[in-house]
Amino acid sequence: MSTFEQELNRRRTFAIVAHPDAGKTTLTEKLLLFGGAIQVAGAVKSNKIKKTTTSDFMEIEKQRGISVATSVMGFEYNNYQVNILDTPGHKDFAEDTYRTLTAVDSVIVVVDVAKGVEEQTEKLVEVCRMRDTPIIVFVNKLDRAGKDAFDLLDEIELKLKLKVCPLSINIGQGQEFKGVYDLYQQKLCLFSPNTKSEEVREFKDIHSPELDKLVTPFFANNLREEIEVLQTVYPQFDQQAYLQGKQSPVFFGSAVNNFGVKELLDCFVQIAPRPQSFHAAQREIRPDESKFTGFVFKIHANIDPKHRDRIAFLRICSGTFHRNTNYHHVRLDKSLRFSNPTTFMASKKELVEEAFAGDIVGLYDSGNFKIGDTLTEGEKLQFVGIPSFSPELFQYIENADPMKSKQLSKGIDQLMDEGVAQLFTRNNNGRKIVGTVGQLQFEVLQYRLEHEYGAKCRYEPIQLYKACWITSDNADKLADFKRKKASFLAKDKHNQDVYLSESPWMLQTAQTDYPELQFHFTSDFNLNQEN
Ligand code: G4P
């Protein structure tokens, strides 16, 4: 096997997603501790965007600035190169998270045992399902009283629409949490509440009386029964099904107590996918192709006005990326070289000489990149699957300083490329509408326009329920729809048709009246059509 093949085989690029407070940061940190990427607990936590409910967006922006360092956290574990892509916990930045999910090969979903499946988790898993991303579920906080494991497994199947396959099962919970049985490795992991530590031992025969001594006869019998039920109700673990996104292994543990985390990591590195193929509009790109290709999935602006540079995060899709080498920026049709590309190792940035398919590199950018941009060795490729999501909040944006209209349109243009929000222009009157998924995005946009571009804007309310992209094979019907609904049509920044519906009823009626039209809730319909 070539060294390149070996490098691919040992790479695991993934994201951890969860509803805020389920324990994503804690789990990330424990994984980094195992990988030796950090030495003390708390290193990631201090970088975390606090869950402010107020509009303290400056604080959030500051913390977003700091969180550049934790955008990608790489470490080695048992000779695997693990790359964790961080996702903002704040729901107002959910779109950042959605885009990051386009750059990973798999996902770990954290669920709080007491709260069960929460809203944000449902949305994020829905995005993962769009591209059949393999998912592992980690049920957290077993040291607290919570839902019954079987009820929770049902809830995960129902709400997240995943076919689950428990690879561990808890023995008691809350005050009576005894540990977990690791079905994958046939090990018993015992929890000691006083030292909050884990004792792990091989335990292949659960019928051995030894088990009664270790966890009490009551819990031993319970465990035996539960394992029997698990084996009849749930399918056997099938790695192929997992890799195709058709089966999701479930683990139980307690991240803060470092319990069940090593079992999760050990299994994860073994079963999780190596770098996967990506779709370009022209063809499929395999990671083992010798030529380098990659796309930008995230742009991070430096909020320090003295350093106006931005960092573009590039997912390498194939081949090897080298420092100081000319690459082709497909959209601009121009050659670019990067003298200080970086990787991010939890707390420090490191210069990269070379990076392989599956890796993420940070490229310093002075305005060349938009989200979705492609770099290659010369081939004209355009990666698909970096969608815009139908926003949920809308406001008209107006110029509040007529002397600065140029700065305003430049600012809006660049910030939209960065993915801060989405812009639609109404067909009937040319008014510009900003769409976001969170209120904070409006404030960030206004603040940055003023501080980075010297432009002032104000917002005006608009009654809108959804903006969705419309297409049809039937040109006549599409033209008819556009004529009849002229006052509810807009263009997005790529000049694509967007239908602005004012209420769920209006959208539903349009869908019923025009069955020949497709109403898309992500702008990535090219990919959906291919699939
Ligand atoms: P998030 O990134 O998903 O938002 O969650 P985070 O890791 O910040 O965890 C949210 C809270 O849950 C934290 O408490 C954390 O300590 C706690 N937690 C995480 N894992 C477990 C667990 O296994 N058991 C229990 N009982 N708690 C857990 P906090 O009070 O918000 O913060 P802190 O003061 O503990 O840092």
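How many of the 11 residues of helix 2 are buried? Nine are, so helix 2 is largely enclosed by the rest of the structure. Buried means under 20% relative accessible area, exposed means over 50%, and partly exposed lies in between (1.4 Å probe, protein chains only).

This is a predicted model: local features need pLDDT of at least 70, side-chain atom pairs count only at pLDDT 80 or more, and totals for chains, interfaces and linings use all residues. Residues are numbered from 1 along each chain as its sequence is written, and side-chain values use heavy atoms, with hydrogens and water left out.

**The whole chain**

The protein chain has 14 helices and 31 strands. Helices (H or I, at least four residues) and strands (E, at least two) are DSSP runs, numbered from the N terminus. Of the 531 residues, 56% are buried. The chain exposes about 22,700 Å², and carbon and sulfur atoms supply 48% of that area. Accessible areas come from the Shrake-Rupley method with a 1.4 Å probe; for residues, only the protein chains shown count as cover. Take the contacts with a separation of 6 or more: residues 24 or more positions apart account for 71% of them. Contact means heavy atoms within 4.5 Å.

**Helix 2 and helix 9**

The buried residues of helix 2 include Leu 27, Lys 30 and Leu 31. What do the buried residues of helix 2 pack against? The list is strand 1, strand 2, strand 3, strand 4, strand 5 and helix 9.

Helix 2 (residues 24-34) and helix 9 (residues 261-271) pack at an angle of about 70 degrees, and their axes are 10 Å apart. That makes helix 2 roughly perpendicular to helix 9. Angles under 35 degrees count as roughly parallel, over 145 as roughly antiparallel, 65 to 115 as roughly perpendicular and the rest as oblique. Axes are lines fitted to C-alpha atoms, for helices over the stretch in contact, and angles run from 0 to 180 degrees between N-to-C directions.

From helix 2, Leu 27, Lys 30, Leu 31 and Phe 34 meet Val 261, Lys 262, Leu 264 and Leu 265 of helix 9. Six residues of this contact are nonpolar, none is polar and two are charged. Here Ala, Val, Leu, Ile, Met, Phe, Trp, Tyr, Cys and Pro count as nonpolar, Asp, Glu, Lys and Arg as charged, and the others, Gly among them, as polar. After helix 2 comes Gly 36, with a positive phi near 70 degrees.

Seven strands form an open sheet in the order 2-3-1-4-5-11-6, with mixed pairing. Two strands pair if DSSP finds at least two bridges between them. Strand 2 (72-77) and strand 6 (164-166) stand at the edges, each with a single partner strand, so one side of each has no neighbour in the sheet. On average, neighbouring strands are turned by 30 degrees against each other, direction ignored.

Strand 1 (residues 11-18) and strand 4 (residues 106-112) run parallel, joined by five bridges. Ala 15 has Val 107 as its bridge partner in strand 4. Helix 5 (residues 119-130) packs on the sheet and touches strand 1, strand 4 and strand 5 (135-140). Helix 9 also packs on the sheet; its direction makes about 180 degrees with that of strand 5.

| Residue | Relative accessibility |
|---|---|
| Ser 106 | 1% |
| Cys 468 | 0% |

Ser 106 is in strand 4. Its contacts beyond four places in sequence include Thr 13, Ala 15 and Phe 268. Cys 468 lies in strand 28 (residues 466-471). The C-alpha atoms of Cys 468 and Phe 389 are 8.9 Å apart, though 79 residues separate them along the chain.
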